[in-house]
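Here are some exercises to work through with the model open beside you. Try each task before you read its solution.

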Amino acid sequence: MDPDPAEAAAAARAAALDLGVDPSTLTRTAAGSTSAVFLGSGVAIIVAAPGADLEDVSRRVDLAADLARDARFVHPRWDGARDVGGRVVTAWDLVDPGPHDWHSAGAALRALHAAPAATYRDRHDLADLASLADVSAGIERARESRRIPGSSAVVLRRAVDRLTGEIAPYRQDLVVVHGDLHAPNLLHGRGGAVLCDTDEIGVAPAAYDLGMLLDPLRSAVPRASLGDFVRGYGA
């Protein structure tokens with residue numbers, strides 16, 4: 001929880017004034033360990049938790065701005081993030097809630113996957129989410145620091161090598177993936193579905209998103225709407 005909710009509210013009100021929005025229209029809708037969300041007249045204002053890195057958040061907002069141009073992604077109101085009263089704040093177009101349109105949701109994901117992966121990877125330094133190189137490095141660090149015995153490191157490295165081999169056939173066509181595609185990050189608006197949240201965006205096979213979204217244990221797409229989603233996605 002935010003250690004100073006009054007400070008977050010003050011930052012949101014100041015941001016609203018900068019945006020030309022009446023602060024009295026703001027309603028706090030969410031609060032957690034990472035942010036506080038305020039909705040106002042046509043705008044969503046997000047106040048990051050204390051200690052958030054302005055430069056890092058700005059990079060993620062810049063990524064969202066590019067995706068809003070090339071795909072169906074929520075549009076930021078500012079270039080990057082801003083320091084407002086000592087808190088890192090971002091501002092976004094408010095998506096006017098509409099009926100759930102799973103055909104449009106499929107099209108939104110397809111548009112994201114159609115974004116030029118090589119360009120985005122270079123411009124925004126996107127991580128390769130389907131690579132296990134970081135896992136291998138972590139195992140070696142754990143072995144060197146004696147947090148795990150050498151025998152365990154050998155077993156884990158063998159598992160990584162096996163999984164790397166299994167993944168290899170699917171790594172021929174890497175696309176821009178959302179990386180955390182579940183219901184709250186897929187917004188259904190009156191103009192159709194749009195995506196939000198750039199925290200986990202990277203490059204990987206398209207199945208990275210599809211598997212997460214359609215996992216029977218946590219599927220965000222109702223079974224009755226699966227056909228509409230697939231037709232919207234187009235594959």
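**Exercise 1. Is D209 buried or exposed, and what does its side chain reach?**

Step 1. D209 has a relative accessible area of 0%, so it counts as buried (under 20% relative accessible area; exposed is over 50%, partly exposed in between, with a 1.4 Å probe and protein chains only).

A word on the source: this is a predicted model, in which local features need pLDDT of at least 70 and side-chain atom pairs count only at pLDDT 80 or more, while totals for chains, interfaces and linings use all residues. Residues are numbered from 1 along each chain as its sequence is written, and side-chain values use heavy atoms, with hydrogens and water left out.

Step 2. Helices (H or I, at least four residues) and strands (E, at least two) are DSSP runs numbered from the N terminus.

Step 3. Follow the side chain of D209 to the backbone nitrogen of G179, at 3.0 Å.

Step 4. List the contacts (heavy atoms within 4.5 Å). Leaving aside neighbours within four places in sequence, D209 touches L109, L112, H113, V177, H178, G179 and L181.

**Exercise 2. Work out the strand order of the open sheet and find its edges.**

Step 1. The three strands are ordered β6-β10-β7, with mixed pairing. Two strands pair if DSSP finds at least two bridges between them.

Step 2. β6 (127-128) and β7 (175-177) are at the edges with a single partner strand each, so one side of each has no neighbour in the sheet.

Step 3. Look at the pairing of β6 with β10 (residues 202-204): the two strands run parallel and are joined by two bridges. Here D128 is opposite V203 of β10.

Step 4. Angles run from 0 to 180 degrees between N-to-C directions, and axes are lines fitted to C-alpha atoms, for helices over the stretch in contact.

**Exercise 3. Describe how α5 and α6 pack.**

Step 1. Helices α5 (residues 133-144) and α6 (residues 150-167) meet at about 175 degrees, their axes 10 Å apart. That makes α5 roughly antiparallel to α6 (over 145 degrees).

Step 2. Among the residues making the contact are V135 and I139 of α5 and L156 and V160 of α6.

Step 3. Finish with D161, also part of helix α6. D161 counts as exposed, at 55% relative accessibility.

Conventions
Polar contact = N/O pair within 3.5 Å; in protein donor to acceptor, adjacent residues only side chain to side chain. Parallel < 35°, antiparallel > 145°, perpendicular 65-115°, else oblique.
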